[in-house]
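Trainee: I have just opened this one and would like a guided look. Could you take me through it step by step?

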Amino acid sequence: MIPTSPNDEDFPWWLVAVVAIGIYLFWQVLTVEEYSRVLNTLRRGIWITIYVTVVSYTLACLLGLGLALAQVSGSLILRQISRFYIEIIRGIPIIVLLLYVAFVLAPAMVNGWNWVAQSLGFDPIRMRDFSLLWRAVIALTIAYSSFLAEVFRAGLQSVDQGQIEAAESLGLTRWQRFRFIVFPQALRTILPPLGNDFVAMVKDSSLVSVLGVTDVTQLGKVTAAGNFRYFETYNVVALVYLTITITLSLALRRFEKRMRER
């Protein structure tokens with residue numbers, strides 16, 4: 001029998017408190033005109049926040065998995081390249097990386113493409129055609145891929161080496177061993193930290209407001225600057241983020257519990 005911690009048996013009084021506060025705040029939003037007006041303004045930014053988070057996280061997972069596979073590969077060059085990338089990116093604050101990608105890397109990419117396009121006879125692109133939204137997505141992808149790479153690496157290395165050797169003795173190819181033996185078992189280990197990083201990205205997506213991307217935070221700043229109702233505006237901004245993150249956290253916790261019961 002697997003021992004459970006006292007926290008697993010506690011009644012979630014914290015959740016009751018959160019729900020009570022949330023009901024009160026939502027009642028305020030629905031009944032107070034100023035709150036309702038702010039929420040209507042922020043509604044467009046909610047979809048931008050969700051879009052940036054989902055796209056960035058999906059791309060970061062793919063890149064992070066590739067980096068993790070490079071770290072556990074038999075190639076010294078791949079291991080060193082992936083380690084170099086991970087250590088450098090993890091050492092740069094995300095907001096600095098956002099600014100670097102938006103105003104240094106993106107112009108370099110556009111200039112490089114235009115040089116290639118000119119050589120091949122294609123039409124060049126203008127800098128303003130490279131939207132700030134996609135610059136933000138690229139920056140968040142690069143930033144989180146370094147963290148997710150370590151999550152994937154830990155999961156891959158947690159699989160018993162004996163099972164891999166047994167699969168190899170049965171004649172399974174490297175891809176088959178990864179698909180049927182390694183990854184399914186590693187997935188159980190990496191799901192909780194992957195979920196935590198997804199929730200963290202929802203919050204860190206607010207940093208894209210420094211580029212002028214019209215997410216929830218940016219629209220909140222613009223709204224507060226226009227109506228001077230900072231208390232009401234940022235209460236609604238905080239409520240939106242809390243609703244998204246707490247809902248995700250509860251859903252992920254329920255999913256993890258089901259995975260443990262299997």
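Trainee: Which residues have the most contacts inside the largest nonpolar core?
Mentor: In this predicted model, the largest nonpolar core has 36 residues, and those with the most contacts inside it are Tyr57, Leu98, Leu148, Phe152, Leu194 and Val208. A nonpolar core here is a set of buried Ala, Val, Leu, Ile, Met, Phe, Trp, Tyr and Cys residues joined through side-chain atoms within 4.5 Å, where buried means under 20% relative accessible area, exposed over 50% and partly exposed in between, using a 1.4 Å probe and protein chains only.

Trainee: And which helices each supply at least two residues of this core?
Mentor: Those are H3 (33-71), H5 (94-120), H6 (132-157) and H8 (174-204), with H6 giving the largest share, 11 residues. Helices (H or I, at least four residues) and strands (E, at least two) are DSSP runs, numbered from the N terminus.

Trainee: What is Leu98 in contact with?
Mentor: Setting aside neighbours within four places in sequence, Leu98 is in contact with Ala136, Ala139, Leu207, Val208 and Leu211, contact meaning heavy atoms within 4.5 Å. There is also a second, separate core of 13 residues, which includes Val38, Val202, Val236 and Val237.

Trainee: Switching to Arg153, where does it lie, and what does it touch?
Mentor: Arg153 lies in helix H6, and, not counting residues up to four places away in sequence, Arg153 touches Ala68, Gln71, Val72 and Arg83. Asn196 is 43 residues from Arg153 along the chain, and the C-alpha atoms of the two are separated by 16 Å.

Trainee: What about open spaces, say the volume of the second largest pocket?
Mentor: The second largest pocket has a volume of about 380 Å³, and its lining includes Leu69, Val72, Gln157, Glu168, Arg174 and Phe178. On a 1 Å grid over the protein atoms alone, a pocket is an open set of points with protein on both sides within 12 Å along at least five of seven lines, a cavity is a set where a 1.4 Å probe fits but cannot get out, and lining residues have an atom within 4 Å of a point. Grid points are joined across faces, edges and corners, and a volume is the space filled by probe spheres set on the points.

Trainee: Which element gives the most to that lining?
Mentor: H8 does, with 4 residues, while H6, helix H7 (161-169) and H8 are the elements that give two or more. By class, the lining of this second largest pocket divides into 6 nonpolar, 3 polar and 3 charged residues.

Trainee: How many cavities of 30 Å³ or more are there?
Mentor: The count comes to 1, and the largest cavity has a volume of about 30 Å³. Its lining is made up of Leu25, Val29, Tyr35, Asn235, Val236 and Leu239, with the largest share, 3 residues, coming from H10.

Trainee: Where is confidence lowest, and where is it highest?
Mentor: Confidence is lowest in helix H1 (residues 6-9), at a mean pLDDT of 58, and highest in helix H4 (residues 76-90), at 94; pLDDT is the predictor's confidence in each residue, from 0 to 100. The protein chain averages 86, and 95% of the residues score at least 70.

Trainee: How many helices and strands are in the chain?
Mentor: The protein chain has 10 helices and 0 strands, and 36% of its 262 residues count as buried.

Trainee: What should I keep in mind about the numbering and the cut-offs?
Mentor: Residues are numbered from 1 along each chain as its sequence is written, and side-chain values use heavy atoms, with hydrogens and water left out. Local features need pLDDT of at least 70 and side-chain atom pairs count only at pLDDT 80 or more, whereas totals for chains, interfaces and linings use all residues.

Notes. Ala, Val, Leu, Ile, Met, Phe, Trp, Tyr, Cys and Pro count as nonpolar, Asp, Glu, Lys and Arg as charged, and the others, Gly among them, as polar.
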